[in-house]
Amino acid sequence: MRRLFFAALFQQVRILWPIFSGMLIVMIGCGLVIGQIEDWRLGETLYFTFVTGLTIGYGDLAPKHTVARLLALMIGLSGIILTGLVAAVSVQALNAVDRDRVERDDASGGS
């Protein structure tokens with residue numbers, strides 16, 4: 001069952017990889033620009049990007065400039081979309097496993 005789930009999951013990820021990678025590029029690109037504007041180190045920039053993208057937002061790093069704040073908004077929205085896509089792909093993989101299980105039960109006479 002687990003093998004079927006991961007096979008279906010990876011198939012869905014392969015299909016949606018251009019969208020996933022595009023969202024990650026947008027997030028990291030915005031984060032790097034924010035890091036330049038705010039004069040943050042690379043580690044701080046990537047940390048801020050992923051904490052903001054996952055909508056956790058600890059608040060230990062916060063952009064002060066208006067442009068950086070608008071870019072942070074883009075990171076947050078991209079993160080929400082990315083999280084939704086991951087959830088949708090997982091649900092599709094679970095549905096594929098369930099369909100396969102039902103088909104096998106029907107083929108074997110069902111119990």
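**Close-up 1. The nonpolar patch draws its largest share, three residues, from α2.** Leu 32, Leu 42, Leu 46 and Phe 50 make this surface patch of about 330 Å², and Leu 46 sits in helix α2. Patch members have over 30% relative accessible area and no salt bridge, with nonpolar side chains (Val, Leu, Ile, Met, Phe, Trp, Tyr) joined within 5 Å. Areas are Shrake-Rupley values with a 1.4 Å probe; a salt bridge puts a Lys or Arg side-chain nitrogen within 4 Å of an Asp or Glu carboxyl oxygen. The model is predicted: local features need pLDDT of at least 70, side-chain atom pairs 80 or more, while totals for chains, interfaces and linings use all residues. Numbering starts from 1 along each chain, and side-chain values use heavy atoms, without hydrogens or water.

**Close-up 2. Helix α2 (residues 42–53) packs on helix α3 (residues 66–107) at about 50°, axes 7 Å apart.** Phe 48, Thr 49, Thr 52 and Gly 53 of α2 meet Ala 72, Ile 75, Gly 76, Gly 79 and Ile 80 of α3 (contact: heavy atoms within 4.5 Å). By class, that's four nonpolar, five polar and no charged residues, with Gly counted as polar.

**Close-up 3. Helix α1 (residues 2–38) and α3 cross at roughly 175°, with axes within 9 Å.** The two are therefore roughly antiparallel. Their contact has 31 nonpolar, six polar and three charged residues. Axes are lines fitted to C-alpha atoms over the stretch in contact, with angles from 0 to 180 degrees between N-to-C directions; helices are DSSP runs (H or I) of at least four residues.

Methods: Patch = residues over 30% accessible without salt bridge, like charges linked within 9 Å, V, L, I, M, F, W, Y side chains within 5 Å. Parallel < 35°, antiparallel > 145°, perpendicular 65-115°, else oblique.
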